2 protein chains.
Amino acid sequence: MNNQQAIKEKPAIKDKPVIKAKQVTNRGEEDYIKAIYKLSDEAEGDRVTNHQLVTYFAHTAQTVNEMVRKLEKKKILVYQPYKGSLLTALGKDEAVRLIRAHRIWETFLTEKLGYAWEEVHEEAEMLEHLTSSKLADKLYAFLGAPTVCPHGNYIPVLSDMNRDDLDTCGRLKLSKAKKGKQYCLKGVVDDKALLVYLNGLAIYIDLCFTIIERDLISDIVTLAYGGRNTSLSGAVAQKLFVCEVYDAEDNT
Amino acid sequence: MNNQQAIKEKPAIKDKPVIKAKQVTNRGEEDYIKAIYKLSDEAEGDRVTNHQLVTYFAHTAQTVNEMVRKLEKKKILVYQPYKGSLLTALGKDEAVRLIRAHRIWETFLTEKLGYAWEEVHEEAEMLEHLTSSKLADKLYAFLGAPTVCPHGNYIPVLSDMNRDDLDTCGRLKLSKAKKGKQYCLKGVVDDKALLVYLNGLAIYIDLCFTIIERDLISDIVTLAYGGRNTSLSGAVAQKLFVCEVYDAEDNT
DNA sequence: ATATATTTTAAGGTTAACCATAAAAATTCA
DNA sequence: TGAATTTTTATGGTTAACCTTAAAATATAT
């Protein structure tokens with residue numbers, strides 16, 4: 001027995017490959033970080049409750065609790081039972097890093113590979129998790145330092161890493177737009193069903209239109225563009241971001 | 001108790017996001033498939049023994065056995081105890097799909113993003129596992145249907161999916177080259193240390209040189225190119241693939 | 001201020017991909 | 001052919017990310 005040990009101890013280390021897998025799949029944790037970042041924009045008080053995560057991921061309360069506690073230990077967030085989670089600076093950096101990678105990939109896939117805007121989310125969702133800063137930066141430069149992704153959402157750069165609202169900044173929700181005025185579509189929420197719906201209506205980024213009707217009872221906005229009128233529900237209008245357009249003849 | 005059940009059964013399904021992670025990390029299995037494919041090129045009789053996998057991955061015999069049995073159940077290989085594993089057509093297709101994705105990514109990273117040839121392996125190693133056929137095909141087209149990766153190795157296309165020797169086909173190992181003849185470097189093994197070494201010697205794909213010495217005792221080849229002479233060990237020469245070059249004046 | 005509802009968490013389970021130890025089986029070699 | 005060596009596999013363990021059930025703690029609404 002002792003003998004066998006002795007023999008086993010010297011299995012001549014040949015200079016063979018010896019492949020080791022590395023940082024395999026932070027996927028779970030990273031998805032939680034992104035979710036908390038995203039949900040905190042919409043939620044009141046910035047704190048994201050476990051309940052929100054339960055419905056977002058369709059995980060059990062137990063699972064959400066475990067993940068949140070784990071991220072808390074890693075200093076990625078602070079958690080108050082019954083109150084919710086708040087990302088630390090570390091957590092926010094991580095979230096922004098992921099969102100940046102996500103949007104860079106989306107831009108690459110549409111601009112360079114000819115994907116449609118409703119096809120890129122899933123691919124980017126996977127690729128973002130294995131995108132080093134080096135890769136992100138090189139891709140970004142290759143794309144010509146774009147400011148927005150195919151859905152019109154800002155691609156954060158290091159200087160605005162901690163800006164809170166990456167999605168609406170400088171723009172207006174269409175649901176807040178005013179009758180009679182002219183707007184230009186600058187961003188949409190990255191939601192496949194919505195994107196396909198907009199395709200059918202020939203609505204895309206940079207489209208300009210006039211609001212010809214805004215019914216507050218039915219919560220419907222009606223736009224005029226390209227010789228047609230289209231009515232959108234409040235639910236849709238809330239997912240579109242616009243900038244006001246000033247006509248040449250319309251001074252101020 | 002029964003009561004509680006009844007209440008719990010109707011947690012009104014809201015139309016909230018409900019994000020589900022999918023096909024998470026076949027990484028382990030896929031690495032085994034690739035390893036078996038690669039090792040079967042070098043090994044005698046095509047079969048890859050568990051022992052080869054043990055040294056390749058630095059996993060235990062038990063782990064290798066489990067993985068092999070699992071892949072066997074999935075019809076990816078046939079395994080004979082004490083003999084080794086042989087990929088099925090399904091397994092080979094899978095391996096080639098991965099190698100194709102790997103080499104396409106390597107090409108993208110060097111050609112489009114300016115990576116050095118010794119930097120691309122690790123990135124490609126991760127990206128290949130989440131590359132759909134659609135993505136691979138679009139990338140491939142974007143790159144202009146390249147035939148080889150930055151290391152000069154063939155990028156398989158569907159038509160040669162089952163070709164056995166993707167790495168040496170049509171080419172010669174430098175270690176088999178003859179004194180006095182002229183050759184062109186067409187491929188090198190994708191091994192970081194080797195690539196960095198070659199950088200230092202200004203040796204790269206498509207470099208042409210003449211073999212001015214070939215010492216069989218010391219197993220050293222000496223090349224002349226760009227006004228310099230360089231001696232390479234047999235270990236290195238075995239990892240370089242060349243084609244013979246015929247001078248204009250040297251008929252036949 | 002309590003009763004009800006909701007949120008948290010303890011306890012224990014599952015699967016995948018790894019590990020170690022050691023017994024059983026097959027191969028190889030003398 | 002038997003002994004030595006190698007290969008395989010049974011048993012049992014670990015961690016991460018999920019699960020269920022049910023108890024404990026807190027919040028809310030009357």
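Reply: **Aromatic pairs**

Searching the whole structure, which is a predicted model, gives 11 aromatic pairs over all chains. One of them is formed by A:Trp105 and B:Trp105, whose rings are 5.7 Å apart centre to centre, with 85 degrees between the planes, an edge-to-face arrangement. This pair crosses between chains, running from helix α5 (residues 89-111) of chain A to helix α5 (residues 89-111) of chain B, and both A:Trp105 and B:Trp105 are buried.

A further pair brings together A:Phe142 and B:Phe108, and because the ring centres are 6.1 Å apart and the planes stand at 85 degrees, this pair is edge-to-face. A:Phe142 belongs to helix α7 (residues 133-142) of chain A while B:Phe108 belongs to helix α5 of chain B, so this pair too joins two chains. Taken together, ring pairs link A:Trp105, A:Phe108, A:Phe142, B:Trp105, B:Phe108 and B:Phe142 into a cluster.

Charged side chains also meet aromatic rings in chain A. The charged end of A:Lys112 sits over the ring of A:Phe142, a member of that cluster, at 4.9 Å from the ring centre, and the charged end of A:Arg100 sits over the ring of A:Tyr140, 4.5 Å from its centre.

As for confidence, chain A has an average pLDDT of 84, with 81% of the residues scoring at least 70. Within chain A, the lowest confidence is found in helix α1 (residues 2-8), with a mean of 30, and the highest in strand β6 (residues 220-225), at 96. Across residues 1-25 of chain A the pLDDT stays below 50, and this stretch makes 15 contacts in the model beyond near neighbours in sequence.

Turning to the cysteines, the search of the whole structure returns 0 disulfides over all chains. B:Cys184 is in no disulfide, and its nearest cysteine sulfur, that of B:Cys208, is 3.7 Å away. A disulfide would need the two sulfur atoms within 2.5 Å, so the 3.7 Å between the sulfur of B:Cys208 and that of B:Cys184 is too far for a bond. With a relative accessibility of 9%, B:Cys184 counts as buried, while B:Cys208, with a relative accessible area of 34%, is partly exposed.

Terms used
Residues are numbered from 1 along each chain as its sequence is written. Chains are lettered from A and ligands numbered from 1 in the order in which they are written. This is a predicted model: local features need pLDDT of at least 70, side-chain atom pairs count only at pLDDT 80 or more; totals for chains, interfaces and linings use all residues. Side-chain values use heavy atoms; hydrogens and water are left out. Rings of Phe, Tyr and Trp (its six-membered ring) pair if their centres lie within 6.5 Å; planes under 30 degrees apart count as stacked, over 60 as edge-to-face and the rest as tilted. Helices (H or I, at least four residues) and strands (E, at least two) are DSSP runs, numbered from the N terminus. Buried means under 20% relative accessible area, exposed over 50%, partly exposed in between (1.4 Å probe, protein chains only). A charge sits over a ring if NZ of Lys or CZ of Arg is within 6 Å of the ring centre and within 35 degrees of the ring normal. pLDDT is the predictor's confidence in each residue, from 0 to 100. Contact means heavy atoms within 4.5 Å.
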